Amino acid sequence: SGNLSFVSNASNSATEPLSGTGTMPTYTVNLSWNGTSGVVGYNVYRSTSASGGYAKINSAVDPNTAYTDSSVTSGQTYYYAATSVNSAGQESGKSNPPVQAVVP
C-alpha cells in the first residue's frame with residue numbers, strides 16, 4: 001500500500017491511496033546431459049544437500065536427455081544427479097559429482 005501525490009500549480013492538491021498485490025517470480029532449473037547408448041531412459045534425482053538425501057523427481061523413466069524442474073523455491077540450493085535405465089529396468093548409479101543449482 002502507499003500514497004500517490006499529484007503535484008501541480010492548482011489551488012487544491014490531491015493525494016490518492018494505492019493498494020495492490022505483488023506476485024513472486026517463478027523459477028525453473030533446466031538440466032541437460034549427454035545420452036548413453038543402450039538405455040531406454042533416465043531418472044532425475046534432487047537433494048538440498050550435496051551429501052545425500054536424493055529423491056527421484058520425474059514420475060516415470062524419461063527417454064529425453066533434458067529435464068526442467070519447475071518445483072524449486074527461491075533462495076534454495078539444489079543438487080541434481082541422473083541415472084540411466086536399460087530395457088531390463090536396471091538402473092545405473094547416480095551421476096557423480098552432482099550438479100548444483102542456486103535459485104535466486
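Guide: This is a predicted model. Leu4, Phe6 and Leu18 make a nonpolar surface patch of about 270 Å². Leu18 belongs to strand E2, residues 14-18. Its relative accessibility is 44%, so Leu18 counts as partly exposed.

Now the ring pairs. Two numbers describe such a pair: the distance of the centres and the angle of the planes. The count here comes to 2 aromatic pairs. One joins Trp33 and Tyr42, with ring centres 5.6 Å apart. Their planes stand at 70 degrees, so this pair is edge-to-face. Trp33 has 22% relative accessibility and therefore counts as partly exposed. Tyr42 is buried, with a relative accessible area of 6%. Tyr78 and Tyr80 form a pair with centres 6.4 Å apart. Their planes lie at 40 degrees; edge-to-face needs over 60 and stacked needs under 30, so the Tyr78 and Tyr80 pair is tilted. Both Tyr78 and Tyr80 are buried.

Lys94 lies over the face of its ring, 4.5 Å from the ring centre.

One tyrosine remains, in a strand. In a regular strand, side chains alternate between the two faces of the sheet. Strand E6, residues 66-69, has Tyr67 and Asp69 on a covered face. Ala66 and Thr68 are on the uncovered face of E6. Strand E3, residues 29-32, pairs with E6 in the antiparallel sense, over 4 bridges. Within E6, Thr68 stands opposite Asn30.

Terms used. Residues numbered from 1 in each chain as written. Predicted model: local features only at pLDDT ≥ 70, side-chain atom pairs only at ≥ 80, totals over all residues. Heavy atoms only, no water. Patch = residues over 30% accessible without salt bridge, like charges linked within 9 Å, V, L, I, M, F, W, Y side chains within 5 Å. Areas by Shrake-Rupley, 256 points an atom, 1.4 Å probe, with all protein chains shown as cover. Salt bridge = Lys/Arg side-chain N within 4 Å of Asp/Glu carboxyl O. Helix = DSSP H or I, 4+ residues; strand = E, 2+ residues; numbered from the N terminus. Buried < 20%, exposed > 50% of the residue type's maximum accessible area, 1.4 Å probe, protein only. Pairing = 2+ DSSP bridges. Phe/Tyr/Trp six-rings, centres within 6.5 Å; stacked < 30°, edge-to-face > 60°. Lys NZ or Arg CZ within 6 Å of the ring centre and 35° of its normal.
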